[in-house]
Amino acid sequence: MSKELIELMRLADALTPDEQLSFIAYLTQRLQHCEIKRKPSRDLMEFAGIAPNLLGGMDAQEYVTRMRHGEFPDLELAEKQLGKKE
């Protein structure tokens with residue numbers, strides 16, 4: 001969220017309910033005259049092969065199951081290290 005939006009939300013919180021309704025009506029009226037562009041949807045097939053061999057040919061469900069059983073401690077260690085950097 002932008003600083004401006006956060007500030008507008010803070011100011012809107014200070015308005016009375018009648019003023020908030022007037023503000024909503026104002027924004028609604030303005031938006032009726034705007035063209036809202038939606039993000040283009042993506043075809044999932046675009047992502048096919050984007051990260052080949054990450055599972056080493058293993059079925060994804062098998063990989064998740066084995067991960068949950070702790071069979072890949074090096075990956076868990078890497079995840080923990082990444083988490084600390086954030």
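A polar contact is a pair of N or O atoms within 3.5 Å; within protein, one must be able to donate a hydrogen and the other to accept it, and residues adjacent in sequence count only if both atoms are side-chain atoms. The model is predicted, so local features need pLDDT of at least 70 and side-chain atom pairs pLDDT 80 or more, whereas totals for chains, interfaces and linings use all residues. Residues are numbered from 1 along each chain as its sequence is written, and side-chain values use heavy atoms, without hydrogens and water.

A polar atom of the Asp59 side chain lies 3.1 Å from the backbone nitrogen of Gln61. Asp59 is located in the loop between α2 (17-31) and α3 (60-68); helices are DSSP runs (H or I, at least four residues), numbered from the N terminus. With a relative accessible area of 48%, Asp59 is partly exposed (buried means under 20%, exposed over 50%, partly exposed in between; 1.4 Å probe, protein chains only).

Two salt bridges are present, each defined as a side-chain nitrogen of Lys or Arg within 4 Å of a carboxyl oxygen of Asp or Glu. One joins the side chains of Glu7 and Arg10 (2.6 Å, N to O). These residues are three apart in helix α1 and therefore separated by about one helical turn. Glu7 is partly exposed at 34%. The side chains of Arg66 and Glu62 also meet in a salt bridge (3.6 Å, N to O). Being four residues apart in helix α3, Arg66 and Glu62 are likewise separated by about one helical turn. Arg66 is partly exposed at 27% relative accessibility, and Glu62 at 39%.

Notes: Helix = DSSP H or I, 4+ residues; strand = E, 2+ residues; numbered from the N terminus.
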